[in-house]
Amino acid sequence: MRDIASRNANAAVELQGYQAQKTGSIRVLDLELACQASLERFAALIEREYEWIDGLINNAGVGALGLVEGFSVEQVRQLFEINYFAPLSLINLLLPLLRQSQQAKIINISSVGGRLCFPCLTHYCASKHALEALSEGLSVELQGAGIDVHGIEPVSYPNMTLPTSDSA
């Protein structure tokens, strides 16, 4: 989770409290998806502490609302960094531990925008299309490795807000 010491402190405490009530374990770690060094530190920590992991859920993502021409190439690269390259990096970094499980799951939370493209969401949809392609191709590549790969395409919900091209 990003910013567990500040912006997301309450959510981190809530997750840890939930874990205390259930069996199993939830550990909240700080992770900045737009930073490769943060991804590598995260994976190294997991590798040091666990012989295997049973799953990876790539849930984070950012939206982008606006006309195609309203975004710079750099803004679109930042969008893809979080919505596609961060999940790809985590999969590559954690795949050895997932293989050790022999019954692992990789779940990539995409969007209905990964299947359909909507006006003023073109860049967002493109990044989610890429994540969908990764999920589909990887599911075939890992069939014999005991790792199931799934893409989930939720739809928007009331009160959902997305940044505009002015704030992206």
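Select G113, in the loop between β2 (104-109) and α4 (122-141); helices (H or I, at least four residues) and strands (E, at least two) are DSSP runs, numbered from the N terminus. This is a predicted model: local features need pLDDT of at least 70, side-chain atom pairs count only at pLDDT 80 or more, and totals for chains, interfaces and linings use all residues. Residues are numbered from 1 along each chain as its sequence is written, and side-chain values use heavy atoms, leaving out hydrogens and water.

G113 is buried, at 1% relative accessible area (buried is under 20%, exposed over 50%, partly exposed in between; 1.4 Å probe, protein chains only). Now show F118, C125, K128 and H129: G113 is in contact with these, leaving aside neighbours within four places in sequence (contact means heavy atoms within 4.5 Å).

Next, colour the sheet. Its three strands run in the order β1-β2-β3, open and with parallel pairing; two strands pair if DSSP finds at least two bridges between them. β1 (55-58) and β3 (147-152) are the edge strands, each pairing on one side only. Between β1 and β2 there are four bridges. Pick L56 and find its bridge partner in β2, I106.

Finally, select Y84 and F85. Y84 is buried, at 17% relative accessible area, whereas F85 is partly exposed at 38%.
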